[in-house]
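Have your viewer ready and read along.

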Amino acid sequence: MSDARALRPPLWLNLAVAGFLAIWVTAALFPLLWTAVMSFRLPIDALSSDPLTVLLGPATAAAGKGLTRADLGLATGLIAGLLLLPTRLGRTGAAVAALLGLGSWLACGLLDIGTAPALGLTLQHYRAVWIDHAFYRNFENSLIITAGVVTVSLTVGTLAGYGLARTAGRLGFAILTLALVFRALPHSVLVTGYLPVFLGSRDLLAPLWQAPGLGPFLHLFSAAPPTLYGQPLAIIIVLVSINQPFTIWMMRSFFDNIPTELDEAARVDGCSHFEAFWRVIMPVMWPGVVTTGLFSFLLAYNDYLVTSLLLDAQSQTMVPAITQFLNRDTSSTDQIEAIAAAVSITAPLFLLVMVFQRQIVSGLTAGAVKG
Amino acid sequence: MKTRTFLGFVAPSLVLMTVFIALPLLLVAVGSLYSTNPVYETIEEQSCTPGFTGQTCTTEQRSRAKLDAAGQPIVETRYVGAAAYTGLLQPAEVARAFSDAGRGISDLLSLDFYAALRFTLTFALITLPLVIGLGLAVALAVNTVLKSIRGPLIFATLLPFIITPVIGALSIRWLFIGDGILTAALRALFHTRIAMFAQGWTIELLMLSYRVWHTTPFAFVVFYAGLQTLDRDTIESAIVDGASRLERLRAVIIPHLMPLIVFVALIHLMDSYRVFEEVIGFSSQAYRISLQFLTFNFLTPDQTGNRAITRASASAMLTLAGIVVLLVPLILRTWRSQRRRA
């Protein structure tokens, strides 16, 4: 017991820890939350130097855009209900809170009290970004690129990771060391290598299309050699390759945790190495695959350098496309539109952390704790 | 596993890495020695304008791009040797800066390459201790609070790390730009107007803080996981021996986390040497550029639509040289410790 008391921190330390954590959490969340709030306000509110104006948006509300007191009552009821759901009051409490909110909303509506906007809120910047400036096209491109990168990266990386985890040979070790060196390469160095080839690929590949035998076969796919610049497929392969060193290290460390006895048993039962991998290892490797997939997703989704240099305006993904709003940053409306675009890009990541928090943590530590 | 089967498993990955990592490196190395330019020819053009007494004719020489039969400009590729490197490193200017007439370091840093090198190195080295220190502090703090609030704390902490780097930098920039909320707060605090984007050092300060904000979660998660494996008995025996909290931290916890600190340092150096997104997010190119941005800028088409591929290749090779100097000792160290374990 005395040990436990000795381990317990004194009061001043507890207070210091609480204060420090409060500051850190504020610093971590504030920029993100604040930009999110700004994106829902008219420029005159959003760019105000008074924090309360930004938070409440009086000019936005005065323009007739926002939530009324009745709406706020309803929202409070629903949120309280959601918060009550996991507690002891459970469903009954949640239902009561939600009904109270709904009741007050209906009553306000019927009696015509509190129907003027009280909290400014406008979606006009989101509408401008997504519909007028066709941001959905960039969203589609991002979707194609990230889906492609995650799929190909995992397929190739899982095989290699398994192979590397089940060999202790010199060759495997050399590959891993080389991968570590490749991991350190700045992406701009690689893109410098790709760019001239991608721009001139039509001329460079022409001999292949005229070659006897191979030529007619390639003609089946396209009449002329493709220009790789601006091709989402080419970018997918590029991002997969850049990501490979990281992927194989990570998958290897996950496979290291799956006991070798499992595939040995399958081998004794007469499976080939590949069958053992397919039938026995595949079903148990999903946690590793999900985690590695998450990090491949982040790499592809967050990339700016590679996509901005190798894709053209039509095939551009969301992150580089945001600079079009920045460069037009002349009026204050443009600036809030840029903010709305930024929040649109962040929202999926926010959800991702909510759903996959555990996997992200385990992925970050996978390489580290085992070295 | 037989070598054959092993090769079967790793082949796709190896092919990708060879074609898209090793081969481009080779292309860049060769490309930095050659320059491809349109061929120009000088033509004499006579233009005449009718005047009062007769025609007034002027002859002028003009150079224009030579066109081939199909009307495309003819390009030629020439071996230029180390010209692109000389263009970047500017040895003559460097010599002048350090001669009697020059102003030494400040002249040196007005040259693009040296400015980028200076920024990249100080950026990596200044953020390193801050990230490790802050990450360790957050990990120790989270480790002492109640288990039930650790989940939300970790969630909040992860966000700066997960967010798209360019967007994260932008979101901090928007807090300061113009009459932004934090600019107003700073003014209230110091009673002077500080324009964060009007001079280099304030922008650099923002870039450094952004990187610390962005990377601390990574250090935190790694250290936090390390703290979970801390042997309770060792701590207890340290208490029995009368070690204070600070002594326990110094003599038990830090040595336990040492391999992880080295790991985080290695990854952080790799990543911060590649600093790039901050330059885009804070639009700092007029004041501060990084090595990656230098290459990026050469690769971006200028007003006439040309990309300076040769200069980009040369700057890419120099960036690579920096990696070799900075990181190879660290990678070799990891390699040796892995081999010892294997």
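How many residues of domain 1 of chain B are in contact with domain 2 of chain B? Ten residues of domain 1 of chain B touch ten residues of domain 2 of chain B, where contact means C-beta atoms, placed from the backbone, within 7 Å. Helix H11 (residues 245–273) of chain B gives the most to the domain 1 side, with four residues; helices here are DSSP runs (H or I, at least four residues), numbered from the N terminus.

Before going further, note that this is a predicted model, in which local features need pLDDT of at least 70, side-chain atom pairs count only at pLDDT 80 or more, and totals for chains, interfaces and linings use all residues. Residues are numbered from 1 along each chain as its sequence is written, while chains are lettered from A and ligands numbered from 1 in the order in which they are written.

The domain bounds, from an automatic or database domain assignment, are these:

| Domain of chain B | Residues |
|---|---|
| domain 1 | 124–289 |
| domain 2 | 291–299 + 306–342 |

Taken over C-alpha atoms, the centres of these two domains are 25 Å apart.

Now for the chains: 79 residues from chain B meet 80 residues from chain A. On the chain B side, helix H1 (residues 3–31) gives the most, with 16 residues.

Terms used:
Contact = placed C-beta atoms within 7 Å. Helix = DSSP H or I, 4+ residues; strand = E, 2+ residues; numbered from the N terminus.
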